[in-house]
Structures are given as structure tokens and as C-alpha cells.
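Student: I am new to this structure and would like to go through it with you, one question at a time. Could we begin once it is in view?

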Amino acid sequence: DWIIQKQESKLFEFWNHGYNHSRGSEDGQAHWEFRNRSLEAQKDHLKRSQDLARQHLGFELHTFGAPYNQADQLTADVLEEMPEIKYWLYPPAGITTSKTRLDRVPAVNIEYPVHQPSAYHFWNNYYFSSDVDVLTIQGHPNSWNADRFKEFEGIIGYLKSMDVQVILPRDS
């Protein structure tokens with residue numbers, strides 16, 4: 001109910017982040033849920049996630065982002081078979097896709113390191129990248145404590161003071 005309420009508010013967008021967020025290795029070969037996995041395995045995980053959202057939430061997911069931001073050309077091939085997914089958060093460089101790419105500006109993030117928001121690092125790096133038309137940022141609020149949320153609030157306050165327009169992928 002909470003997810004449905006947030007989605008309906010139009011202030012949030014939930015996206016397909018895979019089925020099990022897996023990574024590991026077999027025969028000395030590293031793999032992630034959407035990198036170095038078979039076409040069939042990737043298709044199964046994307047489809048399961050889409051089906052669960054439709055069945056239990058009543059809406060489709062229109063954006064995809066791979067766990068650990070690890071994907072390959074097979075991921076792009078599977079996504080081509082899923083017209084409801086229109087946006088791809090952080091597709092790897094060199095991947096061919098018809099999806100709208102929401103690429104990362106490597107220097108600008110809200111977490112330094114991952115899971116630790118830093119207003120200072122964001123402000124400094126944003127200042128030197130302010131000529132970028134669209135900046136896609138990602139955070140992990142489920143791992144933030146009160147101090148980390150204060151850092152995030154500082155980032156949001158700064159963006160508001162700069163009159164930055166915040167949009168969701170579906171609004172791009």
C-alpha cells in the first residue's frame with residue numbers, strides 16, 4: 001500500500017532493479033545478475049520483476065537499473081523485448097540500446113563512498129559539472145542513519161538554492 005501511495009503521488013518512481021541483486025563467480029568467472037549471465041537468465045529475472053510489480057502493485061516499471069550497475073549487451077538485448085521499459089539508469093559505455101540512457105557523470109554523486117551521502121563532496125563536484133544538461137543521481141536511503149540524512153538534506157537544499165529542476169525518469 002505504501003509503494004502504491006508513493007507511486008500515485010507522482011513524486012516517486014519505482015524502477016526495476018532486478019530480481020535478486022546477485023553477484024558471485026563460477027569457474028573463476030565473475031558474474032552479476034545482469035552481466036556474464038545467459039540471455040535466458042537475464043530475461044527471466046527482468047520478466048519476474050515486471051510481473052511482480054504488475055501483480056502486486058498494479059503498475060508497470062518503466063525504468064531499469066542493474067544491481068551494482070553491472071550489465072552487458074545481453075541485458076540490452078533483453079530490454080529491447082520489453083517496450084514498457086523506456087529508461088535505463090547507468091547503462092555501460094559502448095552498449096547499444098534504444099532505451100533512453102540516463103548516464104552517470106562519474107565525478108558527481110551524492111554518496112562518497114556508496115551509502116554515505118556527503119554534501120561537501122557533492123557541492124564541490126557539482127560546481128565543476130554544472131554545465132551538464134541532465135544529471136542522474138542515485139542514493140541508497142535504506143542504509144542512511146540520521147547524520148547521513150542530514151547530509152542528503154544539505155544536498156537537496158543546495159540544489160533548491162540553485163533552482164535546479166528535479167525530474168523523475170518518466171518525466172524526462
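Student: Is Glu 84 buried or exposed?
Tutor: This is a predicted model, in which local features need pLDDT of at least 70 and side-chain atom pairs count only at pLDDT 80 or more, while totals for chains, interfaces and linings use all residues. Residues are numbered from 1 along each chain as its sequence is written, and side-chain values use heavy atoms, with hydrogens and water left out. Buried means under 20% relative accessible area, exposed over 50% and partly exposed in between, using a 1.4 Å probe and protein chains only. Glu 84 has a relative accessible area of 13%, so it is buried.

Student: With which side chain does the side chain of Glu 84 make a polar contact?
Tutor: Glu 84 is found in the loop between helix 3 and strand 4, where helices (H or I, at least four residues) and strands (E, at least two) are DSSP runs numbered from the N terminus. Setting aside neighbours within four places in sequence, Glu 84 is in contact (heavy atoms within 4.5 Å) with Gln 50, Arg 54, Glu 60, Leu 61 and His 62. A polar contact is a pair of N or O atoms within 3.5 Å; within protein, one must be able to donate a hydrogen and the other to accept it, and residues adjacent in sequence count only if both atoms are side-chain atoms. At 3.1 Å, the partner side chain is that of Arg 54.

Student: Why do the buried residues of helix 2 line one face, and within what arc do they fall?
Tutor: The buried residues of helix 2 are Gln 42, His 45, Leu 46, Ser 49, Gln 50 and Ala 53. They line one face because, seen down the axis of helix 2, and taking the directions from the helix axis to the C-beta atoms, they fall within an arc of 125°.

Student: Which elements do the buried residues of helix 2 pack against?
Tutor: The face turned away from the buried side of helix 2 carries the exposed residues Glu 40, Gln 55 and His 56. The buried residues, for their part, pack against strand 3 (63–65) and helix 3 (73–80).

Student: Which element gives the most to the lining of the largest pocket?
Tutor: On a 1 Å grid over the protein atoms alone, a pocket is an open set of points where a 1.4 Å probe fits, with protein on both sides within 12 Å along at least five of seven lines, and lining residues have an atom within 4 Å of a point. The largest pocket is lined by 50 residues, of which Trp 15, Ile 137, Gln 138, Gly 139 and Leu 168 lie nearest its centre. The elements giving two or more residues to this lining are helix 1 (2–8) and helix 5. With five residues, the element that gives the most is helix 5.

Student: What is the relative accessibility of Ile 155?
Tutor: Ile 155 lies in helix 5 (residues 146–161). Leaving aside neighbours within four places in sequence, Ile 155 is in contact with Ile 110, Ser 118, Ala 119, Phe 122 and Trp 123. Ile 155 counts as buried because its relative accessibility is 0%.

Student: What is omega near for the peptide bond from Tyr 112 to Pro 113?
Tutor: Most residues other than glycine have a negative phi, and most peptide bonds are trans. Pro 113 has its place in the loop between strand 5 and helix 4 (119–127). The peptide bond from Tyr 112 to Pro 113 is cis, with omega near -5°.
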